[in-house]
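Biologist: I'm new to this one. Can you put it up and walk me through it?

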Amino acid sequence: MKISGKAKIAGVIGNPIDHSLSPKLHNYWLEKYEIDGAYIPISVEKENFSEVFKALPKMGFIGVNITVPYKVDAYNMVDEVSKTAKKIGAVNMVIFDKKTGASYGTNTDAYGFLLNIEKKYEGLTQKGPVVVYGAGGAARAVCAGLVEANAPEIRLVNRTQEKALMIKDELNSDNIKVESWAKRSFALKNAKLVVNTTSVGMKKGEELPIDFTDLAPDAVVTDIIYNPLKTKFIRRAGARGNRTIDGLGMLLYQAQPAFKAWFDKQPEVNDELRNYILKS
Ligand code: ATR
C-alpha cells in the first residue's frame with residue numbers, strides 16, 4: 001500500500017466498528033487504483049462523537065462514512081445536507097471542504113440498495129408491488145430509494161405499525177401502503193420484489209415469520225443483511241424456486257459514490273471484489 005505524507009485520509013465512524021467491512025473495501029480500491037490514501041476504522045463512544053467529528057477536518061480528513069449508531073447524530077451535525085439525506089433523516093457519508101473544513105452530509109444507502117437490485121434485474125422495481133418488511137433506519141433508506149425510483153406500490157409492513165406510518169408520513173408518498181403485521185404474509189400477493197430490512201436473520205437460527213404460500217414464483221426476494229450472506233429468509237425463498245439477491249451488493253454499491261467523491265475515481269464493483277470481501 002502506498003501512503004506518503006500527502007496521503008488522502010478517510011474512514012468510518014461507529015460503535016462497534018470492528019466488524020465493519022468498509023476499511024477492507026475502500027483499502028482494496030485504494031490499492032487497486034494505486035491511490036495515495038488510507039481508510040481507517042474509528043470507534044467512538046457516544047459522549048465523544050461530536051468532539052471527534054468536529055476534529056476530523058482539522059486533522060486533514062477528506063471525508064468519513066458514518067455507521068450505527070451515529071447516522072442521525074451526523075445528520076444533525078453537518079453544515080449542509082443533501083436532499084436524499086434530508087428525506088431519510090440520516091447521513092452515512094460526509095465530505096469535508098479542504099479549505100474551510102465545512103461538512104457536507106449525504107446518504108448513499110438508498111442508491112446502494114437500488115443499484116444492487118437494478119444491476120441484476122433491470123426495471124424490477126417498476127414491474128409491480130414491492131413488499132418491505134421493517135420500519136427502522138434501513139427501511140427508511142430503502143423506501144426513500146423506492147419512492148425516488150417511482151416504484152408504483154410499496155407495501156410497508158412492520159411489527160410496530162406506527163413506525164411504518166411515520167415513514168409513510170415523512171416520505172409523503174401515496175405509493176406507500178402500510179399493511180398490518182397480522183397481514184404480513186397476505187401482503188405478498190402479486191408482489192414482484194420482497195425486501196427484508198428487519199434485523200431478524202442476523203443471529204443464527206433466527207427467521208422472519210412469513211408464510212411464502214402467496215408469493216408468486218417470479219418474485220425476487222432480497223435481504224439487506226449480508227452477515228450471514230444467506231439468511232434463512234433468502235434460503236427459504238430460494239428453496240421454493242424464487243430468485244434471490246443477498247445484501248452484500250448493497251454494501252459494495254453504497255461505497256461507490258463515497259470513494260468517487262473522496263478519491264476522484266469511480267471504483268468498480270465486480271465478482272473479484274465480492275469474493276475478496278467474502279474471504280474476510
Ligand atoms: P435499522 O436501523 O438497522 O433498520 P432498527 O432501527 O433497530 O435497525 O430496526 C429494526 C427493525 O427490525 C424494526 O423494524 C423492528 O421492528 P419494530 O419496529 O417492531 O421493533 C424489526 N424487528 C426486530 N426484531 C424483530 C422481530 N423479532 N420480529 C419482527 N420485527 C423485528
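Predicted model: local features only at pLDDT ≥ 70, side-chain atom pairs only at ≥ 80, totals over all residues.

Biologist: How do Trp-29 and Phe-259 sit?

Modeller: Their ring centres are 5.3 Å apart and the planes meet at 65 degrees, so this pair is edge-to-face. Trp-29 is in helix α1 (residues 22-32) and Phe-259 in helix α9, so the pair links distant parts of the chain, 230 residues apart. Helices here are DSSP runs (H or I, at least four residues) and strands are too (E, at least two), numbered from the N terminus.

Biologist: Trp-29: buried or exposed?

Modeller: Trp-29 has 0% relative accessibility, so Trp-29 counts as buried.

Biologist: And what about Tyr-33 with Phe-259?

Modeller: That aromatic pair is tilted, with 6.4 Å centre to centre and 50 degrees between the planes. Tyr-33 lies in the loop between α1 and β2 (37-43) and Phe-259 in helix α9, so the pair ties together parts 226 residues apart in sequence.

Biologist: Which residues do ring pairs link into a cluster?

Modeller: The cluster holds Trp-29, Tyr-33, Tyr-39, Phe-259, Trp-262 and Phe-263.

Biologist: Now the helices. At what angle do α1 and α9 cross?

Modeller: They cross at roughly 50 degrees, and their axes come within 10 Å. Axes are lines fitted to C-alpha atoms, for helices over the stretch in contact, and angles run from 0 to 180 degrees between N-to-C directions. The two helices are therefore oblique to each other. Angles under 35 degrees are roughly parallel, over 145 roughly antiparallel, 65 to 115 roughly perpendicular, and the rest oblique.

Biologist: Which residues of α1 and α9 make the contact?

Modeller: From α1 come Leu-25, His-26, Trp-29 and Leu-30. From α9 there are several, including Leu-252, Ala-255, Phe-259 and Trp-262. Contact means heavy atoms within 4.5 Å. By class, this contact has ten nonpolar, two polar and no charged residues. Ala, Val, Leu, Ile, Met, Phe, Trp, Tyr, Cys and Pro are nonpolar; Asp, Glu, Lys and Arg are charged; the others, Gly among them, are polar.

Biologist: And α5 with α9: what are the angle and the distance between axes?

Modeller: Helix α5 (residues 109-118) and helix α9 (residues 248-263) pack at about 125 degrees, with axes 7 Å apart. That makes α5 oblique to α9.

Biologist: Which residues meet there?

Modeller: In α5, Asp-109, Tyr-111, Gly-112, Phe-113, Leu-115 and Asn-116. In α9, Gly-249, Met-250, Tyr-253, Gln-254, Gln-256 and Pro-257. The classes are six nonpolar, five polar and one charged.

Biologist: What does Gly-112 touch?

Modeller: Leaving out residues up to four places away in sequence, Gly-112 touches Met-250, Tyr-253 and Gln-254. Gly-112 has 0% relative accessibility, so Gly-112 counts as buried. Gly-112 and Gly-249 are 7.5 Å apart, C-alpha to C-alpha, and 137 residues apart in sequence.

Biologist: And Gln-254: buried or exposed?

Modeller: Gln-254 counts as buried, at 8% relative accessibility. With residues up to four places away not counted, Gln-254 touches Asn-92, Thr-108, Asp-109 and Gly-112.

Biologist: New topic: the backbone. Where are there cis peptide bonds?

Modeller: One joins Asn-15 and Pro-16, with omega about 0 degrees. Another joins Val-68 and Pro-69, with omega about 5 degrees. Most peptide bonds are trans, and most residues other than glycine have a negative phi.

Biologist: What is phi for Glu-34?

Modeller: Glu-34 has a positive phi of about 50 degrees, although Glu-34 is not a glycine. Glu-34 sits in the loop between α1 and β2. At 65% relative accessibility, Glu-34 counts as exposed.

Notes. Residues numbered from 1 in each chain as written. Heavy atoms only, no water. Phe/Tyr/Trp six-rings, centres within 6.5 Å; stacked < 30°, edge-to-face > 60°. Buried < 20%, exposed > 50% of the residue type's maximum accessible area, 1.4 Å probe, protein only.
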